[in-house]
Every structure is written in structure tokens, then in C-alpha cells.
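Visitor: Could you take me through the aromatic rings of this model, step by step?

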Amino acid sequence: MKRVLAALVVCLFQFPLAAGATDILLMSGGAPKDVLITLIPQFEKATGHRVITQHILVSALRQKILAGENADVLLMPTSVLDNLATMHKIQPEDRAAYGILKLVAIVKDGAPRPNISSIDAFRRALVDAPSVVYSTPASTPSGAHMASMVSRLGISEIVERKVIYRPALEGGVSMVAEGRAAIGIYPASEVVHVEGVASLGPLPEPLQLTLVYGGAVAATSKAPGPALELIRFLGLPQNRAVWQHEGFEIPH
């Protein structure tokens, strides 16, 4: 209890209640959703600001920003933020990296657990599975990676006959939990606390996608000061445990 109180005091000291409390529009991919459910209320209580959160598929979010849509804070893979920086769509000096995500394979809880410990084993698991679900290749980095990976494994035609393209934000993980897909492949943060699924573990390292999730202040921000407060708050040392609990590895 003392540690909790001490952490709250630190937050209040670093983010004093603002006389000019304002609304902050945070637009994010789906991966940090559970992190934000935990941390946003703490930030709002400590600062008096109100955070309006929108979770959008990464490709659609990038297009919105390129089209000039207003936002204050963007949470996306750092590779996408790098791209937006070259187009002057974010404030490049106001950035942070929060956590690393890897892809994991899942099955319905209680179902047989195929071996995915090697490239050959993972390839066989995909070939043998009656159905596979992962994100739409054009919608998210994980979906694009999976399409490229099955091509490299030489099984595109086999997988194409049985794959269901469904981002986690649109119920892809639930399809596995409900038995409507035999194997699902998603970033760890999108499956770590979902009931009804069992993790087979991360993909073999040579097939792995490593995503670094970060935050930036949008160039269109109408509240850049509070937006930067939020970006810094999400990366505070005492908040790293939340990122870890939700499936992220903390960058060194």
C-alpha cells in the first residue's frame, strides 16, 4: 500500500492538476488497448485532463493522419511513426518507445497443441490446421508479415484456401476462442488476457516479427503540451510493469 501511495505522489508531482485542463485525442492501433484501459484513468486523475481514445487499424490510422485528420497523441509501431515523421505529420522531438511486441500462435483452450518450436514444425502446423486466422495483410503490420512469411515458407496456396483475415480489433482472437478457427497468430498483447485461448508460444525467431510500439505528438495537435504530458506519463518507470503485464517487452 505504501508503494502505491508513493507512486501516486510521484505522478501528482510530475503532472500537477492543471488549471487549464483540456481534452486530448489519442489515436492508437489495437495493441496497447489494455495498457490504456489501466493507465489513462490514472493520468486523468493526476492531471485533470480528459483523454478521448480511438483504436483504429494501423493502416487506416496512418491514412487518416496523412489526410490531415486532427489528433493529439498517436500510438503506433515506431516504423510507422518514422514514416509519418518524414512527411512532417508528427513532432519528431516529442516521441517515446514503450514496448516490444512479438507474434504468438494460439489455439482454443483444451484443443490439441501443435508443435511450433522450429521453422519446419511451424510450417507443418499451418499446413495441417483445418483453418487459420490472422490480421488482414493490408490492415496491420502483423497481417502483412504473415502474408510474406507464408510465401517464404512456400505454402501460400495451401494457407490461402483456409485462412480467415480478421484483425484482433474485429474479433479475430475470439474466433479461436469460439472454435471457429483452429490456429490464430497475433501480437502477444492482443491475446495475453483473452479467455478461452491457449498460447503455443512465440513464432520461431527466424519467422518472428518484432514491433516496437511508441508514441508521438501529432503535428495537428491543438493541445501539444498536454499531449506531451501523456506521452511521458505512459513511459514512466512505474508504468513499465503495466506494459509488461499486457504482453510487451520493455526496450533497454
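Visitor: Which residues form one aromatic cluster?

Guide: This is a predicted model, in which local features need pLDDT of at least 70, side-chain atom pairs count only at pLDDT 80 or more, and totals for chains, interfaces and linings use all residues. Residues are numbered from 1 along each chain as its sequence is written, and side-chain values use heavy atoms, with hydrogens and water left out. Rings of Phe, Tyr and Trp (its six-membered ring) pair if their centres lie within 6.5 Å, and planes under 30 degrees apart count as stacked, over 60 as edge-to-face and the rest as tilted. One aromatic cluster is formed by Tyr98, Tyr213, Trp243 and Phe248.

Visitor: How many aromatic pairs are there by this rule, and is the pair of Tyr98 and Trp243 stacked or edge-to-face?

Guide: The rule gives a count of 5 aromatic pairs. For Tyr98 and Trp243, the ring centres are 4.9 Å apart and the planes lie at 15°, so this pair is stacked.

Visitor: Are Tyr98 and Trp243 buried or exposed?

Guide: Buried means under 20% relative accessible area, exposed over 50%, and partly exposed in between (1.4 Å probe, protein chains only). By that definition, both Tyr98 and Trp243 are buried.

Visitor: What kind of pair do the rings of Tyr134 and Tyr165 make?

Guide: Tyr134 is buried at 2% relative accessibility, whereas Tyr165 is partly exposed, with a relative accessible area of 31%. Their ring centres are 5.8 Å apart and their planes stand at 65°, so the pair is edge-to-face.
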